[in-house]
Amino acid sequence: MTTTSYRLGSVEFKNRVLVASGTFGYGDEVADLVDLSQIGGIITKSLSLKPRDGNPPRRIIETASGMLNSIGLANIGVHRFIEEKLPFLRTVGTAVIANIAASSVDEYCSVLALLEEQKGVDGYEINVSCPNVREGGLNFGTSCPAVAEITRRLRPLTSKPLIVKLTPNVTHIAEFARAVESEGGDAVSVINTLIGMAVDINSRRPFLSTVTGGLSGPAIKPVALAKVYEVVKAVKIPVIGIGGIRTAQDALEFLVTGAAMVQVGTQNFVQPDCAVKIAAGIAEWCNERGVKDVGDIVGSLKADASVSILDSWL
Ligand code: DHB
């Protein structure tokens with residue numbers, strides 16, 4: 001059988017498929033529907049220091065080509081997470097990555113420091129790229145010095161994996177990945193949602209209360225693959241591919257492009273057990289082809305750099 005496990009620093013993931021932040025709550029809501037232990041890892045909804053109500057409705061709209069959302073980082077806050085959600089997550093038997101969002105560098109540090117005192121958090125994903133809040137969010141994610149500073153300040157606070165989730169809403173995402181790498185980040189997640197908008201012609205209003213939101217789902221997969229390709233060329237740290245993955249084939253496309261792991265997001269709303277199915281599908285595909293370790297296909301893309309337009313600006 002093909003080896004599916006993957007080690008990132010102190011964490012041994014049983015497979016390379018994670019559920020993306022904000023698409024799986026804190027795991028407990030879907031526990032009756034999914035064998036959570038078969039997921040490579042659960043990334044929590046973003047946690048802030050204080051609870052957040054998020055943005056007013058309407059905050060989600062399905063378009064013909066993807067889901068648009070403007071949740072505004074609604075979450076129960078890190079203290080309630082520790083009290084009410086972490087005890088359950090500790091029993092699940094899969095890696096738990098806490099996603100952190102904040103409106104200041106100090107707040108990121110405080111949340112991480114609180115989680116660091118707890119058992120059951122295996123690593124961190126830093127959300128510097130929420131498109132739907134004024135303070136923090138894209139202010140950070142679209143500033144290379146800010147992304148560098150956040151990574152630099154958080155790095156000494158933990159020896160667990162520190163993953164930074166990057167936004168595609170920038171000119172050259174590779175520069176941001178380089179900043180994370182040079183400040184000691186362990187991995188980057190590529191990509192967060194793309195800014196999008198939907199308009200109701202009858203009311204002549206935008207559907208979302210915040211006018212724009214984050215676009216996700218299969219529509220963004222080709223964009224995500226191109227960004228993963230770009231980032232993989234630019235850094236040595238692992239890249240976690242995310243964007244529109246619905247099937248094992250989609251996930252394999254990211255792995256072949258060079259992603260060491262993948263995240264499944266929007267598809268969780270349609271098929272809560274999709275991460276389990278995708279992990280099994282990857283193993284089966286590799287097994288049928290005599291691949292010893294899923295890692296053997298990572299970065300196996302046969303692309304001629306001399307004809308790639310992207311390579312010219314890297
Ligand atoms: C939200 C955060 C994100 O990082 C994202 O991509 C989309 C939505 C939010 O909570 O609004």
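**View 1. Ile 71 reaches the ligand through its backbone: one of its backbone N or O atoms lies 3.1 Å from a ligand oxygen atom.** That makes a polar contact (a pair of N or O atoms within 3.5 Å; within protein, one must be able to donate a hydrogen and the other to accept it, and residues adjacent in sequence count only if both atoms are side-chain atoms). Leu 73 also uses a backbone N or O atom, here 2.7 Å from an oxygen atom of the ligand. On its own the ligand would expose 290 Å², and the protein buries 92% of that (areas by the Shrake-Rupley method with a 1.4 Å probe; for residues, only the protein chains shown count as cover).

A quick word on the model: it is predicted, so local features need pLDDT of at least 70 and side-chain atom pairs count only at pLDDT 80 or more, while totals for chains, interfaces and linings use all residues. Residues are numbered from 1 along each chain as its sequence is written, and side-chain values use heavy atoms, leaving out hydrogens and water.

**View 2. Tyr 26 and Phe 81 form a tilted aromatic pair, with 5.7 Å between centres and 50 degrees between planes.** Rings of Phe, Tyr and Trp (its six-membered ring) pair if their centres lie within 6.5 Å; planes under 30 degrees apart are stacked, over 60 edge-to-face, and the rest tilted. Tyr 26 sits in the loop between β3 (17-19) and β4 (41-43) and Phe 81 in helix α1 (residues 77-91), so the pair ties together parts 55 residues apart in sequence. Both Tyr 26 and Phe 81 are buried (under 20% relative accessible area; exposed is over 50%, partly exposed in between; 1.4 Å probe, protein chains only).

**View 3. Tyr 108 and Phe 140 make another tilted pair, 5.8 Å centre to centre and 55 degrees between planes.** Tyr 108 belongs to helix α2 (residues 105-116) and Phe 140 to helix α3 (residues 138-141), so this pair links parts 32 residues apart in sequence. Tyr 108 is buried at 1% relative accessible area, and Phe 140 is buried at 13%.

**View 4. Looking for disulfides turns up 0 in the whole structure.** For Cys 130, the nearest cysteine sulfur is that of Cys 109, 19 Å away; a disulfide needs two cysteine sulfur atoms within 2.5 Å. Cys 286 is buried too, at 0% relative accessibility.

How values were computed: Helix = DSSP H or I, 4+ residues; strand = E, 2+ residues; numbered from the N terminus.
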